[in-house]
Amino acid sequence: MIQSIYVNLPVEDLQRSRDFWTKLGFSFNEAFCDEKALCLMLNEGSICAMLLKREFFATFTNRAVADHSTTQVLLAIAVESRQQVDDMVRTALENGATRYREAQDHGWMYYDSIADPDGHQWEIMYSDPNQLPT
């Protein structure tokens, strides 16, 4: 059974990344933070994003590292309400994120899409399984 997930993402500026995610209400596991990396806690103890300086990230792969003009992965964060989706996206946009797609409302699922300051694409979503079409 999986105990935790670590997503590794290349970033240009660690301080900018720290400031951005802190303003969105997230914390960091300082035991895994240094001048090359930040450990962003997406869900305390189980889901982390390792934000690695681009040069350091490149040491973990023999492939080219994706830049802002390509998409290699879409990340989705599930939150507790539609309002939390809107609040988080608004805060992200106020702090350097860009919108890459308009919000989508499927009745049972609502989400909005942002790219963080390093161009990583994130979907902030809320879903209500009780509203699934039958």
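Two residues are said to be in contact when heavy atoms of the two lie within 4.5 Å. This report uses that idea to describe a predicted model, beginning with the chain as a whole and then turning to single residues.

## The chain as a whole

The chain contains three helices and eight strands. Followed along the sequence, these elements come in the order β-α-β-β-β-α-β-α-β-β-β. The C-alpha trace spans about 50 × 35 × 30 Å along its principal axes. A compact globule of 134 residues would have a radius of gyration near 14 Å, and the value of 15 Å for the chain agrees with this.

Of the 134 residues, 36% count as buried. The chain exposes about 8,200 Å², and carbon and sulfur atoms supply 49% of that area. Among contacts between residues at least 6 apart in sequence, 46% join residues at least 24 apart.

D112 belongs to strand β7, which covers residues 109-115. Is D112 buried or exposed? D112 counts as buried because its relative accessibility is 5%, and the limit for a buried residue is under 20%.

Setting aside residues up to four places away in sequence, D112 touches V85, V89, R99, R101, E102, A103, W122, E123 and I124. The side chains of D112 and R99 are joined by a polar contact of 2.6 Å.

S113 is buried, with a relative accessible area of 0%. Beyond residues up to four places away in sequence, S113 touches T98, R99, Y100, R101, W122 and E123.

## Salt bridges

Side chains of opposite charge can pair when their charged atoms come close. The structure holds six salt bridges.

| Pair | Distance, N to O |
|---|---|
| E30 and R18 | 2.8 Å |
| R82 and D105 | 3.0 Å |
| R99 and D112 | 2.6 Å |

The salt bridge between E30 and R18 has a length of 2.8 Å, N to O. E30 is partly exposed, with a relative accessible area of 46%. R18 is likewise partly exposed, at 21%.

R82 and D105 meet in a salt bridge of 3.0 Å, N to O. Here too the pair links distant parts of the chain: R82 lies in helix α3 (residues 82-94) and D105 in strand β6 (residues 98-105), 23 residues apart. R82 counts as partly exposed at 36% relative accessibility. D105 counts as partly exposed at 46%.

In the salt bridge between R99 and D112, the closest N and O atoms are 2.6 Å apart. R99 lies in strand β6 and D112 in strand β7, so this pair ties together parts that are 13 residues apart in sequence. R99 is partly exposed, with a relative accessible area of 35%, whereas D112 is buried, at 5%.

S17 is found in helix α1, which covers residues 14-23. S17 counts as buried, at 4% relative accessibility. Leaving out residues up to four places away in sequence, S17 touches V11, F28, L38, L51 and D118. With D118 there is also a polar contact of 3.3 Å between the two side chains. How far apart in space are the C-alpha atoms of S17 and D116? They are 8.5 Å apart, although the two residues are 99 residues apart in sequence.

A37 lies in strand β3, which covers residues 37-43. A37 is buried, with a relative accessible area of 5%. Apart from its neighbours within four places in sequence, A37 is in contact with L14, F32, M50, L51, L52 and F56. A37 and A76 are 39 residues apart along the chain, and their C-alpha atoms are separated by 21 Å.

## A nonpolar patch on the surface

On the surface, I2, I5 and I47 form a nonpolar patch, with about 280 Å² of accessible area together. I47 is placed in strand β4, residues 47-53. At 31% relative accessibility, I47 counts as partly exposed.

Note on methods. Residues are numbered from 1 along each chain as its sequence is written. This is a predicted model: local features need pLDDT of at least 70, side-chain atom pairs count only at pLDDT 80 or more; totals for chains, interfaces and linings use all residues. Side-chain values use heavy atoms; hydrogens and water are left out. Patches are made of residues with over 30% relative accessible area and no salt bridge: like charges are joined within 9 Å, nonpolar side chains (Val, Leu, Ile, Met, Phe, Trp, Tyr) within 5 Å. Accessible areas come from the Shrake-Rupley method with a 1.4 Å probe; for residues, only the protein chains shown count as cover. A salt bridge is a side-chain nitrogen of Lys or Arg within 4 Å of a carboxyl oxygen of Asp or Glu. Helices (H or I, at least four residues) and strands (E, at least two) are DSSP runs, numbered from the N terminus. Buried means under 20% relative accessible area, exposed over 50%, partly exposed in between (1.4 Å probe, protein chains only). A polar contact is a pair of N or O atoms within 3.5 Å; within protein, one must be able to donate a hydrogen and the other to accept it, and residues adjacent in sequence count only if both atoms are side-chain atoms. The radius of gyration is taken over C-alpha atoms; the globule rule is 2.2 Å times the number of residues to the power 0.38.
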